[in-house]
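Student: Can we go through this one together? I'd like to take it piece by piece.

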Amino acid sequence: MTDRQDSADKQPTRHVSRRGLLLGTGGFIGGGLVGAAATYAAAPTRAAIAPDAIQPAVTVSPGIANTKVTVSEPYGTQKLPYYGPRQAGVDTPMQAHGIFIGLNLNADTDGDRIAAMMRLLTDDAARLTQGRGALADLDEELAAAPARLTITFGFGAEIFSRTNSALKPSWLKPLPEYSIDQLDPKYTGGDLLIQIQGDDAISVAHARRMLLKDARAFASVAWTQTGFTHARASHPDDTTTRNLFGQVDGSANPTRGSDTAERIVWGVGSGDGRGTKDLRPWIENGTSVVIRRIAMDLDEWDELDRLMQEDVMGRKLGSGAPLTGSKEHDEPDFDAVGPAGFPVISDISHIRRARTSDSDEAMFRRSFNYDDPPTTSESAVHGQTRVSASGLIFVAFQCDVEQQYVPIQNRLAESDHLNLWTIPIGSAVFAIPPGCQEGGFIGEELFA
C-alpha cells in the first residue's frame, strides 16, 4: 500500500466536514475543572537567580524509577557568537520564538544620530546574546538564559538616503503590487528592522524591551510581529518546521553552509551550476530579507479533507514528501501522471508554482507562525463564529530580491491554488548589512 493510500485510509469521505462528523450525532463532550491548592514560598534573592546559579538539567528515564539519570547542559545557557563577518539569525538553526520589529526614523535622526543609535543597539545586542544585561539594565537576570538568542538588524531605503545613498541596492524597494494582497500599513514597510529570535520567550521579550529603549530617541515603532515554531527538543535538530496548515515549511531550503546556500543567500560562488542569474551581494557578507505577513483561513481549510489539502500543496502531510515521492527531500516529478491521465502534482499546486528549473530563483526560508485571538462578530464560516485568526510570518533571505524572490512571487500570485486560503496582509523589504567585530557596530560601512 502506498503512502498516498495510507493517507486516504485515515480520512473521512471527501466533502464531509470535520465539524459535521463531530456534531452530527448531537452529542458533546464536556470537560470538568480541577482545582489545586498552592502554597507560597519566599521570593528568591538576586543571587539565587544570577547567571552562575543556573544548574544542569537532570533527566530520569520513564518507566522503572532511577534506571538512568542523564545530566546535561540546560538549553538556556547555550549561546551563539555575536561578533563576526556575518550577522547571526540568517542561516542560524531555527529557534522557537521570533519577534520582528519595524521602526520608522524620526525626522531629526540624521546620519550622525543613526550611527549613534546603531552603536547603542549593537553593544546591547552583543551583551544580551551572551547572557549579560544591557547597559544600565536593572533586570539583568532576565538576560541570564540567552537560549541561542540572536539579534539581527536590517536597513530600509531611508537609512541609505540619510547616510550613504551610493551603497543602496537597486532592489531595496517595495515589492510589486499583487492582486492577492490586502496590505495593512501596521505590518508594512519600515526604515529599520530588529529581528529577535531565541528558544526562551523571556529572554526574547527582555531583549525587545532593552533594544526599543535604545532606539526610542531615534525612531518610533511602525509594527511588531511575534511568532513561534516548534519548542526546542520537541523534534530532532534541523527538523523542518510546520506551519498551521500542518504542512512542512521550508523543505526546499538549501543546506546551511553548502555551496548552494552560499550562492543563494550571500551571492558567493557558482552554487550547483544550474543558475542563470548574475548574483552579486550588495556588500560583502550582506544579504536581503523579505517579510510577508500571510493570513491563513484555517476555518475554511479545515473543511477540506486530507487528500484535498495535499493536492493543494503538492506534498504529503505526514512525511512532507512530494506527491510523487516518499521522503521529504525527494525531488518532485512534475511530469508524472495518474491513472486518469492528469498530473499527480497539479500545475497550480503550491510546490509546482514555487519551483523553476533555474536554481538561482530560490531563497532561504525562516518563517514563524502566529496565532491571534479569533474575531467574534464580523465574519463566520457556515454561520458559525470563526475559531482562528492565524497565519505565517513568511521570512525569506536571498542575495537579490529582484532576481530571486520576485519571479517566484509573481508565479505564486498568478495561479497558486493556495491563494484561496491565504491573504498577504503585510510586506517589507530590508537590506541585511554585514556583521561587525568587537568595538565596531552594525552598519559602520555606511559611514566609512
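Student: Where does glycine 154 lie?
Tutor: Glycine 154 is in strand E4, which covers residues 150-155. Keep in mind that this is a predicted model.

Student: Is glycine 154 buried or exposed?
Tutor: Buried. Its relative accessible area is 0%.

Student: Let's zoom out. How many helices and strands are there in the chain?
Tutor: The chain has 10 helices and 13 strands.

Student: How much of the chain do buried residues make up?
Tutor: Of the 448 residues, 45% are buried.

Student: What about contacts between residues at least 6 apart in sequence: what share join residues at least 24 apart?
Tutor: That share is 77%.

Student: New topic, helix packing. At what angle do H3 and H5 pack?
Tutor: About 160°. H3 is residues 111-129, H5 is residues 201-215, and their axes are 9 Å apart. That angle makes H3 roughly antiparallel to H5, because angles over 145 degrees count that way.

Student: Is the crossing of H3 and H5 right-handed or left-handed?
Tutor: The crossing of H3 and H5 is right-handed.

Student: Which residues in H3 and H5 meet?
Tutor: H3 brings Met117, Leu120, Leu121, Asp124, Ala125 and Leu128. From H5 come His206, Ala207, Met210, Leu211, Asp214 and Ala215. By type, this contact of H3 with H5 has nine nonpolar residues, one polar and two charged.

Student: Now H10. How many residues has H10, and how far does it reach from its first C-alpha to its last?
Tutor: Helix H10 has 15 residues, 401-415, and reaches 21 Å. That is close to the 21 Å expected at 1.5 Å a residue.

Student: Which residues of H10 are buried?
Tutor: Val401, then Gln404, Tyr405, Val406, Pro407, Ile408 and Gln409. Arg411, Leu412 and Ala413 are buried residues of H10 too.

Student: You mentioned H6. How many of its eight residues are buried?
Tutor: Six, so H6 is mostly covered, given that buried means under 20% relative accessible area. The buried residues are Ala261, Glu262, Arg263, Ile264, Val265 and Trp266.

Student: What covers the buried residues of H6?
Tutor: The cover includes E7, strand E8 (364-365), E12 and H10.

Student: Which residue other than glycine has a positive phi near 65°?
Tutor: Asparagine 285. Its place is in the loop between H6 and E7. Alanine 136 also has a positive phi, about 60°, although it is not a glycine.

Student: Where is alanine 136? And is alanine 136 buried or exposed?
Tutor: Alanine 136 sits in the loop between H3 and E4. Alanine 136 counts as exposed, at 73% relative accessibility.

Conventions. Residues are numbered from 1 along each chain as its sequence is written. This is a predicted model: local features need pLDDT of at least 70, side-chain atom pairs count only at pLDDT 80 or more; totals for chains, interfaces and linings use all residues. Side-chain values use heavy atoms; hydrogens and water are left out. Axes are lines fitted to C-alpha atoms, for helices over the stretch in contact, and angles run from 0 to 180 degrees between N-to-C directions. Helices (H or I, at least four residues) and strands (E, at least two) are DSSP runs, numbered from the N terminus. Angles under 35 degrees count as roughly parallel, over 145 as roughly antiparallel, 65 to 115 as roughly perpendicular and the rest as oblique. A crossing is left-handed if the near helix is turned anticlockwise from the far one by less than a right angle, and right-handed if clockwise. Contact means heavy atoms within 4.5 Å. Ala, Val, Leu, Ile, Met, Phe, Trp, Tyr, Cys and Pro count as nonpolar, Asp, Glu, Lys and Arg as charged, and the others, Gly among them, as polar. The expected span of a helix is 1.5 Å times one less than its number of residues. Buried means under 20% relative accessible area, exposed over 50%, partly exposed in between (1.4 Å probe, protein chains only).
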